[in-house]
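Let's take a walk through a protein model, one stop at a time. Have a look at the sequence and the 3D view first, then read on.

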Amino acid sequence: MALANVEKVVKDRYREGAQGQVVDLCCPVDYDPRYLEVIPKEVLERDYGCGNPSRYLNPGETVLDLGSGTGKICFIAAQVVGRQGRVIGIDMTSEMLAVANRAAPIVAERLGFANVEFRRGRIQDLALDWSLLEQELTAHPVIDAESLHAIEETARRLRSEQPLVADDSIDVVISNCVLNLVENQKKADLFGEIYRVLNNGGRAVISDIVSDEEIPLAMQKDPRLWSGCISGAFTEHGFIEAFELAGFHGMRVLEREREPWRTVDGIEFRSLTVEAFKGKEGPCWERNQAVVYKGPFKEVLDDDGHRMERGQRYAVCDKTYRLYSEEPYSNHFEFLDPRTEVPLEAAEPFDCSRTVLRHPKETKGEAYRETTEPTACCEPGDNCC
Ligand SMILES: C[S@@+](CC[C@H](N)C(=O)[O-])C[C@H]1O[C@@H](n2cnc3c(N)ncnc32)[C@H](O)[C@@H]1O
C-alpha cells in the first residue's frame, strides 16, 4: 500500500507554504524580471515551481494553470497573453488561493487590465467546483446515509450543469510542479481531465519533477517526500507516456535540467518541461495530398502509427496533412498538393490504419504528359547548364 490520504498530507504542507516561505520546497527558476515587477512580494517569496511554462504562451490565449499556488505563474502568464487573453488558476488549498486573490487586484491595477481569476477544486476532477459544492453542503449538511447520497447526486449535477472548467474551453493547460502531488491511482483521471478541457488543437505545457528510476514503495509511503515533490514523481519516460495514454500527440521535451534538483537514495529528481497536443481524432478524407519526411533520422513513427522513411512520398489524409502543417511537425516535412485539388465535399474516406506511398502520378494526374523548357534561372550570357 502506498501513502494513505495523500490529499491531506499535501494540503497541510502547502497550507504552511502559503503562510510563509518554506525553503526546502523551493527550486531555483529563472523568470524574466520584467514580468515580476507588478507581482506583490508575498507571491514572489512563496513560489514553489520547478520550471516556467509561461515562456511558451502566446498573446490572446486562454490559459489554465493547474495547482496555481500563490499565483506567480498566472500573473506572469497574464502579461504574456495580454489584455485579449485570459488566465484561470486552480488550486485546492484555501490558504494558497487567499494569497493569490489578495494579489489579483493589485496586479490588475498595475497592469491596467484584469484577466486572471482563481477557482477552487481538485485538478484531477476539473468539473467539480468546490465553492459551489460547499454552498450546497452548508444548506444541506451530511448527517446520515440519505443526505450523503443526496450530496453525491448534487455533485454529479454540478459537474454536468456548472462545471468548474468546461469541455473544450482552454487553449493551453500549464502547470508548474504539481502533477507529481496527485495520488498515483488518480493520475490517469488527471490527464483525462487535461484532455477534456483543452479545445481541439490545444496543447499542454507542463513543468514537473521527474525521476530517473522507479520510486520504491518505501519512499512512496513517506509523507514528507511525497509532499516535497519527490515520491509521487513520474519517471521521465512515464511522464511522456501518460500524455500518450490520454490521447495526446506530438509530445516533446522543451526543457530538461541537466543537474538533478535532488538525489534520494541514489535516485535523481530533476525538472522536465513537456509539451503535448490535443486533436488527432476525427474523420480521414482522401484529397490526394502527400508529405515527405525531410530527416535527419532514417525513419519516424508518429502517434497515429504512421512509420515514414526519410525522403519518401507518403499518402496522408486531409487531417494528417493539416496536423503536420502546424507545430510541432511542420519543419520536418515537405507538403505536396495534387495538381487538381479534391474538394472536401467530394473526398472519399481514407484508410489511416496503414501507411502507403503516394505515386507521383497520383499527385500530377494520370493524364499528365507535359514537357517544359528549363526555367530561366540564369542571367542572359551566363555560361550555366
Ligand atoms: C509545489 S506547489 C506549486 C505552486 C505553483 N504552481 C508555483 O509554481 O509556485 C503545489 C500546489 O499545488 C496545489 N495542489 C496540489 N495537489 C493538488 C490537487 N490535487 N488539486 C489542486 N491543487 C493541488 C497545492 O495546494 C499547491 O498550491
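Cys 229 is buried, with a relative accessible area of 4%; buried means under 20% relative accessible area, exposed means over 50%, and partly exposed is in between, using a 1.4 Å probe and protein chains only. You'll find Cys 229 in the loop between H10 and E6. Helices (H or I, at least four residues) and strands (E, at least two) are DSSP runs, numbered from the N terminus. Cys 229 isn't a glycine, yet its phi is positive, at about 65 degrees.

Before going further, a word on where all this comes from. This is a predicted model, where local features need pLDDT of at least 70 and side-chain atom pairs count only at pLDDT 80 or more, while totals for chains, interfaces and linings use all residues. Residues are numbered from 1 along each chain as its sequence is written, and side-chain values use heavy atoms, with hydrogens and water left out.

What is Ala 233 in contact with, leaving aside its neighbours within four places in sequence? The list is Asn 180, Ile 209, Val 210, Ser 211, Ile 215 and Phe 269, where contact means heavy atoms within 4.5 Å. Take Phe 269: 36 residues separate it from Ala 233 in sequence, but C-alpha to C-alpha they are 8.2 Å apart in space.

Another residue with a positive phi that isn't glycine is Asp 168, at near 50 degrees. Asp 168 sits in the loop between H7 and strand E4 (170–176). Is Asp 168 buried or partly exposed? With 46% relative accessibility, Asp 168 counts as partly exposed.

That brings us to H7 itself. Helix H7 has 17 residues (145–161), and at 1.5 Å a residue they should span 24 Å; the end C-alpha atoms are 24 Å apart, which agrees. (The expected span is 1.5 Å times one less than the number of residues.) The buried residues of H7 are Ser 147, Ile 151, Thr 154, Ala 155 and Leu 158. Looking down the axis of H7, these buried residues fall within an arc of 105 degrees, so they line one face of the helix. The arc is that of the directions from the helix axis to the C-beta atoms. Here's the general idea: an α-helix has 3.6 residues a turn, so residues three or four places apart point the same way. On the other side of H7, Ala 145, Glu 146 and Ser 160 are exposed. Helix H6 (130–139) is part of what covers the buried residues of H7.

Gln 124 lies in the loop between strand E3 (116–120) and H6, and Gln 124 is buried at a relative accessible area of 14%. Not counting residues up to four places away in sequence, Gln 124 touches Glu 7, Val 182, Lys 186, Asp 189, Leu 190 and Glu 193.

What about a lysine? Lys 319 is in helix H12 and counts as buried, at 9% relative accessibility. Leaving out residues up to four places away in sequence, Lys 319 touches several residues, among them Lys 280, Glu 281 and Asp 304.

| Peptide bond | Omega |
|---|---|
| Gly 295 to Pro 296 | about 20 degrees |
| Glu 327 to Pro 328 | near 5 degrees |

Pro 296 belongs to the loop between strand E11 (289–293) and strand E12 (299–301). Pro 328 is placed in the loop between helix H12 (318–324) and strand E15 (333–336).

Now zoom out. The protein has 13 helices and 16 strands, and its C-alpha trace spans about 85 × 50 × 50 Å along its principal axes. Buried residues make up 50% of the 385 residues. Among contacts between residues at least 6 apart in sequence, 75% join residues at least 24 apart.
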